[in-house]
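Please look over the sequence and the structure before going on.

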Amino acid sequence: EWDRWLLMGLIGTAVGMLGFFIHQIIDSLIKLKWDLVENYLQVSKRKCQWSNLYLLTGQDGNIHMTWLCALGFGLAMVVLSSGSVLFICPAGSPSGLPEIIGYLNGTSIRHLFNIKTFLGTFVSCVLAVASGLFCGPEGPMIHLGALLGCGLSQLQSDTLGIHLPIFTRFRNSADKRSFITAGAGAGIASVFRAPIGGLLFVLEEVSSFWDIRLAWQTFFCCLMATFTMDLLSSSLCGFVYRGHFGFFEAEKRILFWVKNLLDMNVLAFIPTILLGMLGGLLGALFVSLNIKINKLRMRFFNSIPKLSLRKTSKLLETVLILVISFVPLIANLRSGRNFLTLEVGCILSFPCSSEWGSAAALLVENGKQGITYLFKRGTHEEFGYASLCTALAFYFILSCWTAGSAVASGLVIPMLYTGALYGRIIGLILVSIFGVQTNEYGAWIDPGLFAAIGAASFFSGVSRLTISLTVIMVSKLS
């Protein structure tokens, strides 16, 4: 069995490298976009109320050009993202996860594992996330991991005319399915850097054919993917070498970095149960609304007889979603001439003292960064009810609409973000009732804590995942 373990390790390493490149390209594109935007601003930096946010002041004459540049850059990426799945690889849209689940449970889908699908999904995923759409790379990474598992185990391609005479004993449906399962698990493990979570995810959600040998080999594959991702990320940031190769910093490895731990009280289970019920109800609403939107979408597009016009209409839908996603940021121009920028280069609307400005700030370009802010401890007064409720309604509707559109995109980041928003609202309600508690017995009344619980509840309500989700959330918070 040495060759099977060797292949599992190679697949995990390849998936980890792919995940690293996807995240680095996304971060580089976001930085490039806002670097171009800042050329239209005469910038003077000073600290704002959040430690890593800065106030940028621009002149009146170039504010509208600034936002036109930001929107234009996003539109260019969205057009390329949607076009890559519509005109190159239809099997890559929207996330690929349902197709992988279908294949691993006995459904044959054409062109699901060819090289055109791989390239189209890769390009579409990177550009969709970087453009500003409310989506993440998680679903496409599972699909890409499964594609690598299939390609490296079979070592043959009809498209390229390649048939290598090695590992030929794995060219059967059972072994092919096992390597695809391991690749899918490595994909989710590389995103969250959680190897146990990746194993439990494919066990709970993806595949129905399991044995103890496959479980251990999948876990090894997930370990290799996580290790490769961490190793490359330890010294490279935005493809720039920063030294310390092989030095694993905790803050860089943990996806949603929360420094302060809180002692728990048994009373915290009361709002936790409420958040669980709310997550189930809102999750059911999200799924129901998404199904209705997709049925309406299919009915509308199927009514268009010409194929090229139908594909163009799907592309225009993604453009419309992006334009609407920019509405809060554009509309907030009337608040003044000030902007906020994150360290990663994302520009947000200001003033942060106003509810509308705070709501626009919550609709941040980088979803993971926004989730980290919502999880932050000791930030009882940073966001008010109006800003949180506005951002929740806007993000809920836009992410539901984006899911199923003609781009390769994932739903994990939107689910965590949505849950974090209403979780923080519940935390603010508790603060309003009991006040800000500074003693160790009441410190659990913290909006950031309930934002994390709310994120898990909505994720579970939509996906019906329990065990793997718990492991992923616990391993990604510190």
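A: A polar contact is a pair of N or O atoms within 3.5 Å; within protein, one atom must be able to donate a hydrogen and the other to accept it, and residues adjacent in sequence count only if both atoms are side-chain atoms. Helices (H or I, at least four residues) and strands (E, at least two) are DSSP runs, numbered from the N terminus. The model is predicted: local features need pLDDT of at least 70, side-chain atom pairs count only at pLDDT 80 or more, and totals for chains, interfaces and linings use all residues. Residues are numbered from 1 along each chain as its sequence is written, and side-chain values use heavy atoms, with hydrogens and water left out.

Q: Which residue caps the N-terminal end of α6?

A: Asn172 does so, with a side-chain oxygen 3.3 Å from the backbone nitrogen of Ala174. Just after α6, Arg193 adopts a positive phi of about 55°.

Q: How many residues does helix α6 have, and what should they span?

A: The expected span of a helix is 1.5 Å times one less than its number of residues. Helix α6 (residues 173–192) has 20 residues and should span 28 Å; its end C-alpha atoms are 29 Å apart, which agrees.

Q: How many of the residues of α6 are buried?

A: Buried means under 20% relative accessible area, exposed over 50%, and partly exposed in between (1.4 Å probe, protein chains only). In α6, 16 of the 20 residues are buried, so this helix is largely enclosed by the rest of the structure. For the protein chain, 55% of the 478 residues count as buried, and the chain has 18 helices and eight strands.

Q: Is His23 buried or exposed?

A: His23 has 12% relative accessibility and therefore counts as buried. Its place is in helix α1 (residues 2–38). A polar atom of the His23 side chain lies 2.8 Å from the backbone oxygen of Gly19. Contact means heavy atoms within 4.5 Å; leaving aside residues up to four places away in sequence, His23 touches Pro137, Val191, Met229 and Lys368.

Q: How many salt bridges are there?

A: Side chains of opposite charge can pair when their charged atoms come close. A salt bridge is a side-chain nitrogen of Lys or Arg within 4 Å of a carboxyl oxygen of Asp or Glu. The count by this rule is seven. One of them joins Arg169 to Glu1, with the closest N and O atoms 3.5 Å apart. That pair links distant parts of the chain, since Arg169 is in the loop between β4 and α6 and Glu1 in the segment before α1, 168 residues apart.

Q: What does the salt bridge between Arg213 and Glu1 tie together?

A: The side chains of Arg213 and Glu1 meet at 3.2 Å, N to O. Arg213 lies in helix α8 (residues 212–233) and Glu1 in the segment before α1, so the pair ties together parts 212 residues apart in sequence.

Q: Which helices hold Arg4 and Asp175?

A: The side chains of Arg4 and Asp175 form a salt bridge (2.8 Å, N to O). Arg4 lies in helix α1 and Asp175 in helix α6, so the pair ties together parts that are 171 residues apart in sequence. Both Arg4 and Asp175 are buried. Salt bridges that share partners join Glu1, Asp3, Arg4, Arg169, Asp175 and Arg213 into one network.
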